[in-house]
Amino acid sequence: MHDVVRAQLLERPGRPLRAAELPRPTLREGEIRIAVDACGVCRTDLHIRDGELPEPMLPLVLGHEIVGRVIEGGSRFVEGARVGVPWLAWACGRCRACRAGRENLCENAVFTGYTRDGGYADETVADERFCFPLPEDRDAPELAPLLCAGLIGFRSLRFAGDAERIGLYGFGAAAHIVAQVARAEGRRIFALTRRGDDDAQSLARELGADWAGAVDDPLPEELDAAIIFAPAGELVPRALRAVARGGRVVCAGIHMSDIPSFPYELLWGERSIASVANLTRADGEEFFVRVAATPVTTHVERFPLAEAESALARLRAGAVRGAAVLVT
Ligand SMILES: [Zn+2]
Ligand SMILES: [Zn+2]
């Protein structure tokens, strides 16, 4: 055990991350210290890095798809246990949302890699009550994208109700996981990507999509629901146009460019638009049971921790096939 934490640090949004050695934080009640094995690179990290999300804690260690092992602290896990740390780092348990079982909407919530330090580091500290026990039979980098892309994708799929034909707008980390869960439930997948993103389209077909094409290609049939992962507001009216009456458009990202105005006719016919925010611990418990029962393969591009900035740049450019993961 060393006496500093080696991290990739965000000092100011808009500036590249830099390597830093930070003092090891003292553990508080209920906290565990974790040796990080892998940390996924989520689009939210990119939004924070680029200054598109308000008021991050600064300086900040990004990263909320953490897979690691318990070094010390807490009482829930034994030393050496494999744990996952998700986006929801803490919820108050007392506000209206928490009392209604919707801790994802907690007014006082703390978020990993946003309002507290996350996993772009060789060690991190987390509240053990918000961590998940993880299986031993898979590589850490393959598990990491499940912690946010998988979980938020799963919650988004729940919001799509019993829709059979699902359009996934943007086929990256979250969509490639949700496509597999949806296929296992007997649903059909239509993947829509940027024009010319042959990699993403071929990955979608490999994972069982009925159809893959560009967002402005004509779809072969109507959709029952659409899940939008790409942060582009113009996709909302486009997806409304693609869903049948009664269909739902689910916006899964934390940030999106402005939605252009559209004729009411697109919403008419009991179509609806919803956003999905954060996760609850119950989502995680259900999702990890599901993942154990359904084989879900994650496609990952691995980067050494020191190359976090290049991983973010590749994600920004839409060049990552599947999910990007930092390996320590
Ligand atoms: Zn609360
Ligand atoms: Zn995320």
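Select helices α4 (residues 149-159) and α5 (residues 173-184): their axes lie 8 Å apart and meet at an angle of about 55 degrees. The two helices are therefore oblique to each other, a label for what is left once angles under 35 degrees count as roughly parallel, over 145 as roughly antiparallel and 65 to 115 as roughly perpendicular. Axes here are lines fitted to C-alpha atoms, for helices over the stretch in contact, with angles from 0 to 180 degrees between N-to-C directions. Helices (H or I, at least four residues) and strands (E, at least two) are DSSP runs, numbered from the N terminus.

This is a predicted model, in which local features need pLDDT of at least 70 and side-chain atom pairs count only at pLDDT 80 or more, while totals for chains, interfaces and linings use all residues. Residues are numbered from 1 along each chain as its sequence is written, and chains are lettered from A and ligands numbered from 1 in the order in which they are written.

To show the contact, pick A149, G150, I152, G153, F154, S156 and L157 on α4, and A173, A174, A175, I177, V178, V181 and A182 on α5. Contact means that C-beta atoms, placed from the backbone, lie within 7 Å. Coloured by class, the contact of α4 with α5 shows 11 nonpolar, three polar and no charged residues. The nonpolar class is Ala, Val, Leu, Ile, Met, Phe, Trp, Tyr, Cys and Pro, the charged class is Asp, Glu, Lys and Arg, and the others, Gly among them, count as polar.

On the α4 side select G150, L151, F154 and R155; they meet D283, G284 and F287 in α8. The residues of this contact of α4 with α8 divide into three nonpolar, two polar and two charged.

Now colour by domain. The domain assignment of the chain gives domain 1 (4-147 + 279-327) and domain 2 (150-275); such bounds come from an automatic or database domain assignment. The C-alpha centres of the two domains lie 25 Å apart. Their contact takes 25 residues from domain 1 and 20 residues from domain 2. Which elements give two or more residues to the side of domain 1 that touches domain 2? They are α1 (43-49) and α8 (281-293), and α8 gives the most, with four residues. By class, that side of domain 1 has 11 nonpolar, nine polar and five charged residues.

Move to the sheet of six strands. It is open, with parallel pairing and the order β13-β12-β11-β14-β15-β16. Two strands pair if DSSP finds at least two bridges between them. At the edges are β13 (211-214) and β16 (272-275), each of which pairs on one side only. From one strand to the next the twist averages 20 degrees. Inside this sheet, select β14 (residues 223-228) and β15 (residues 243-251), which run parallel and are joined by five bridges. A225 stands opposite R248 in β15.

The next stop is the sheet of three strands, also open, in the order β2-β1-β4 and with antiparallel pairing. Strands β2 (18-23) and β4 (60-61) stand at the edges, each with a single partner strand, so one side of each is left without a neighbour in the sheet. Select β1 and β2: they pair in the antiparallel sense over six bridges, and V4 stands opposite P23 in β2. Then select β1 (residues 4-10) with β4, an antiparallel pair joined by two bridges. Here L10 stands opposite L60, and L9 has V61 as its bridge partner in β4.

End in the loop between α1 and β4, where P59 is found. The peptide bond from L58 to P59 is cis, with omega near -10 degrees. E55 also has its place in the loop between α1 and β4. What is phi of E55? Its value is near 50 degrees, positive in a residue other than glycine.

Note on methods: Contact = placed C-beta atoms within 7 Å.
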